[in-house]
Amino acid sequence: MAPNFRDDHILIIAPGSVHTLAQLGLPESFTPPRVRIQSRMFPGIEEGTWTATKIREAHDGEKAELIAKAGGAAGEDEGDDDDEGDGEGEGEGEDGGDGEGEGEGDGGEGGEGEEGGEGVYVEDEEDEEGAVWCMREGKVVNWGCFFALLQYVHETINPTFHTPILLVHPPGFSGDDKEKVTQFIFEKLKVPAFALLDASLAGLWAYGLQTATVIDVGHEKTDITPIIDFLIQDRARRTVRQCGGDTMTQHLHSLLPELKPEDVEQLKKSPVCEILPVGMPLPGEGGPVRSTSEAASAEDKDIDMLGEDEGTINVAAIVASGKTQEFLAQKEKERRGEEERRKPNREREINYFWIVDKKRPGEVDQPASALTSPVVAHGPGFPAPADAPAAGEAAPAPAAEPAAPVVTTDVIAPQDPAPPSDPSAAPAPLTVTVPPTTAPTTDDTSPLPETSEESEQRYKAASKRAQERRAAADGIVLKPDETWRELAIGSARFRAAHCGILSRIADELFAAISSVEDVAQRPALWENLVLLGNGARIRGFKEALLQTIVGKYLIPPSTGTIFSSELPTPSATGASTPVPGHGGASGVTPNPLLVAATAHAGGHGGHGHHGHAHSQSPMAIRYAKMPDYFPEWKEAGFDEAAFLGAQVAAKVVFVVDQGLTGGFMTRVMYNEVGPGGWGEMNL
């Protein structure tokens, strides 16, 4: 008899080429995966061991500090032990303390002096060099790393002993691969029950379908799987290699070579990267990435200095400063910019996106407003500002700005500025006179000019406020250990799919469905397309793919009447009823697609082969309807719907069915038939 399992005792693991998803327990309303771990490990210090973070030898500057900290901590612990154990005799306690001190000192000198600090290791969570990715194109390339990843995920979640595991495997897993995984799960993780589920079948569980064609766009490949009545059509299954999300990333990088690969990946994930419908013209010519203008940054700074803070405007200070025209011009520019920002992304020639950079330890923040990048001063292909420093030179410090005027309820008496000695010199800053409580000690009541350091601090504060306001408007939360950059990009953001990925997927989809032996089920496969995978997350990818498939392979019923003149007729009456098998007077064979279209439009008649011809050319192509009863998944999107299907399957197999239909393997079954018994699971 199969053991009874509860909802909170089920562990789901879905390994992938980039990330491994996991979750312990099935909530009342299914949610996206709670654990997301990169599918890579690092070689450990000892041969044959693996770690989740890189362990490296400490640098020269780190060794002394780490050894000192370790020695200080050990000394404190030993001192506490001596205090607790002291009380028998003063002399005996002192002797014991001297002995321990000498032993500790010898050990510290030997570790640092004789070996120069060798053997001191640290965990570096930021360094990715030397990482081993255990999967590539949906196949395991390093089994030791893969098993270490599964064990790390199991230890991270730390489930109870009575916890079954459901593993969602990619379509590329062979029978030997499943046998290896089954053996590892039972012998190393000691689980009471185990089940395997193909990722394509998991998509059908999520959509509540029995027959569909699953298109899984992954990182480096795309899997196309026709499924009929929950049975995978292995002969018709296709895997399109070098056709996934990374393919589009590399294509974008070839268009924008000045960007780093990680920056291109962030561009692809941003809302400004979009795939336009087929035939829609681009809003402008493509161009490389450039940072926003320095003039806009300076204008923002002037507005902040004039007293605009947190949505308030200091009108009196603006009028008294003599910059009324500049302020109105800036407001008009902001109004036009706001109108431009309200346009849809596909109508804007240039749009902006944010890039996140992790700050290294000890890195100092650089001043940056919401409209300029602290890293990229100007992009290649765009002229540099006239005052930009030459290559290799440091950027000059920002010029000192006048202090922001202070407005009070008292009588304001602006002081006449003294005539400057240099005609090109800047005018004196606006001063506000407040009735003094005591007589001034000097006749000169003008304020002292700001130093360059104070002005730079004010500029940094104003830039930070502007950056935070713009980031908050875009829904971005600034973190202390991150630096944000905003870059402008042209029509290159619309060219992610111009690498031919849509046509390749459409061609392989037609070949896969045409290979299904049950011809009568092909229309159902065309009318229930399920698109999965994070590679399809780019905005507009789903619509553009369907449009490409429809444009290449859909023949509507009305098409038969348009080309009726091309089809032979059985008599001279002019009737446009096709007669397959007769070449006509000229002996020309008609187009089989046209024959199929007209046969569908005029009825199948009594010929059975008309139905076969109709199945060769789809009359309807559409996506399957997404489930609307999972609110959390509706908000997050159904790109990872295979994990949702795994949750539904785990609920049915482990909790509702309780093993009556043999959906999972128990430990008793494993002891009887061994790892080769995975084929007896009917999930």
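How many bridges join β13 to strand β14, and in which sense do the two run? There are 6 bridges, and the strands run antiparallel. By pairing I mean that DSSP finds at least two bridges between two strands. Strands (E, at least two residues) and helices (H or I, at least four) are DSSP runs, numbered from the N terminus.

Some ground rules. This is a predicted model, where local features need pLDDT of at least 70, side-chain atom pairs count only at pLDDT 80 or more, and totals for chains, interfaces and linings use all residues. Residues are numbered from 1 along each chain as its sequence is written, and side-chain values use heavy atoms, with hydrogens and water left out.

Back to β13, residues 212-217. A hairpin of 3 residues leads from β13 to β14, and Ala-212 sits opposite Ile-227 in β14. β13 also pairs with β20 (residues 529-532), in the parallel sense, over 4 bridges; there Val-214 stands opposite Val-530.

Next, an open sheet of 3 strands, ordered β5-β4-β8 with antiparallel pairing. β5 (50-51) and β8 (132-133) are the edges, each with a single partner strand, so one side of each has no neighbour in the sheet. β4 (residues 40-43) pairs with β8 over 2 bridges, with Arg-40 opposite Trp-133.

Methods:
Buried < 20%, exposed > 50% of the residue type's maximum accessible area, 1.4 Å probe, protein only.
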